[in-house]
Amino acid sequence: MIAIDQKGYYGEFGGAFIPEMLYPNIEELREQYLAIMADDSFEKEFRQLLKDYVGRPSPLYLAERLSEHYQAYIYLKREDLNHTGAHKINNTVGQILMAERLGKKRIIAETGAGQHGVATATVCALKGIECIVYMGEIDIQRQAPNVARMKMLGAEVRPATSGSKTLKDATNEAIRDWINNPEDTHYIIGSVVGPHPYPDMVARFQSVISEEMLWQLKEHTGKEDPDVIIACVGGGSNAAGAYYHYLNKDQVRLVAVEAAGHGIHSGESAATSVLGTKGIIHGSRTLLMQTPDGQIVEPYSISAGLDYPGIGPMHAHLIASGRAEAVSITDDEALASAYFVSKKEGIIPALETAHAFSALDKIEYDSSDVIVVNLSGRGDKDLATFIKHYDRFHK
Ligand SMILES: *Cc1c(COP(=O)(O)O)cnc(C)c1O
């Protein structure tokens with residue numbers, strides 16, 4: 001049975017390891033999130049925005065040419081068709097409504113590549129709420145189009161100038177801000193990571209993905225259950241959403257795809273399920289890449305959304321318990337899949353999602369199997385990378 005307990009643990013992973021100063025904020029959220037989500041007015045507004053603003057339900061599409069190539073029934077859950085181009089908006093819509101009901105007047109977030117920052121700035125504009133996004137100084141230089149988007153949406157982008165000037169430093173700055181502004185501020189975390197109740201709350205907001213899959217598969221195939229669900233895992237929010245309603249259906253195989261960068265053992269990777277050991281990162285006990293004395297190892301992936309040194313506690317538990325199968329995909333394998341899927345289906349996937357597609361070359365399945373690939377996002381944001389590597393893959 002896969003479930004979270006009262007204290008926020010999935011098996012031995014999860015919990016809330018936080019500085020004393022954050023205790024009131026986290027405790028307030030923990031005490032109220034389930035009641036708020038269960039409230040009729042919340043449910044109604046959340047559903048309405050998902051429908052009219054995000055554009056849900058996202059289609060479930062039988063990819064015929066991919067199915068023919070792989071000799072199985074391959075369905076794509078089209079999260080790339082959501083407003084802002086990925087699944088992240090499901091969570092930020094939920095959290096902005098949560099923040100309103102908690103009486104918060106100010107939103108903070110951290111972002112690496114800027115995708116979560118854009119999804120947060122979007123819902124803050126929708127609600128007319130002040131938005132501050134912390135971003136590493138290096139990431140600000142690397143991700144100029146997303147910085148421009150956030151500014152255009154009315155958010156303030158504050159550079160994190162300490163450490164490696166990337167995502168983990170931006171996270172530290174956001175936490176510092178929250179400690180200093182406990183009364184009026186809500187911190188929107190972008191994946192199923194962080195202290196309890198964040199992993200559970202984010203998984204519940206994203207669970208709309210598998211909720212739709214149940215009836216969409218029934219319509220397509222006559223059965224609610226697929227044989228296999230494949231999703232990429234950075235922190236793990238799109239995977240958590242795609243798995244959620246199937247977690248306790250053991251006949252449905254769950255495949256978690258992570259980034260192997262230049263190779264699992266190349267020293268430039270983000271393959272946490274293989275390289276990770278138990279430890280605490282960003283407030284929860286999980287698997288993370290660390291040195292023997294507990295220093296976090298800088299992760300690497302060509303895909304900014306998978307470039308994270310840990311995984312959410314739900315996924316650590318799913319993998320450690322054998323419920324989910326982990327697959328690691330290199331940069332070049334993901335790029336090859338991105339070019340291949342674009343030509344086969346007329347869909348340019350995000351680099352993160354391209355890792356999920358690559359798993360089709362790695363796992364075993366039968367020709368009668370129904371396989372759902374969660375198409376977490378569209379590839380527009382990655383066009384510069386696709387252009388840069390194009391010739392190498394088209395000789
Ligand atoms: C951010 C992102 C991811 C990784 O985040 P998860 O929390 O693991 O889902 C995957 N795909 C896309 C398109 C993203 O933008």
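Reader: Which residue follows helix 2, and what is its phi?

Author: This is a predicted model. Helix 2 is followed by Gly 55. The phi of Gly 55 is positive, near 95 degrees.

Reader: How does the span of helix 2 agree with its 15 residues?

Author: Helix 2 covers residues 40-54. At 1.5 Å a residue, its 15 residues should span 21 Å. That agrees with the distance between its end C-alpha atoms, which is 20 Å.

Reader: Which residues of helix 2 are buried, and what arc do they cover?

Author: The buried residues are Phe 42, Phe 46, Leu 49, Leu 50 and Val 54. They lie on the same side of helix 2, because the arc they cover around the axis is only 100 degrees. In an α-helix there are 3.6 residues a turn, so residues three or four places apart point the same way. The arc asked for is 100 degrees.

Reader: Which exposed residues sit on the face of helix 2 turned away from its buried side?

Author: Helix 2 has a buried side that includes Phe 42 and Leu 49. The face turned away from it carries exposed residues. They are Asp 40, Lys 44, Lys 51 and Asp 52.

Reader: Where is Pro 57, and what is the omega of the peptide bond from Arg 56 to Pro 57?

Author: Pro 57 lies in the loop between helix 2 and strand 3 (60-62). Most peptide bonds are trans. The bond from Arg 56 to Pro 57 is cis, with omega near 0 degrees.

Reader: Is Thr 84 buried or partly exposed, and what is its phi?

Author: Thr 84 is found in the loop between strand 4 (73-78) and helix 4. Its relative accessibility is 28%, so Thr 84 counts as partly exposed. Most residues other than glycine have a negative phi. Thr 84 has a positive phi, near 75 degrees.

Reader: Is Ile 387 buried or exposed?

Author: Ile 387 is found in helix 16 (residues 383-389). With Ile 348 and Leu 383, Ile 387 makes a nonpolar surface patch of about 290 Å². Its relative accessible area is 61%, so Ile 387 is exposed.

Terms used. Residues numbered from 1 in each chain as written. Predicted model: local features only at pLDDT ≥ 70, side-chain atom pairs only at ≥ 80, totals over all residues. Heavy atoms only, no water. Patch = residues over 30% accessible without salt bridge, like charges linked within 9 Å, V, L, I, M, F, W, Y side chains within 5 Å. Areas by Shrake-Rupley, 256 points an atom, 1.4 Å probe, with all protein chains shown as cover. Salt bridge = Lys/Arg side-chain N within 4 Å of Asp/Glu carboxyl O. Helix = DSSP H or I, 4+ residues; strand = E, 2+ residues; numbered from the N terminus. Buried < 20%, exposed > 50% of the residue type's maximum accessible area, 1.4 Å probe, protein only. Expected span 1.5 Å × (residues − 1). Arc of directions from axis to C-beta.
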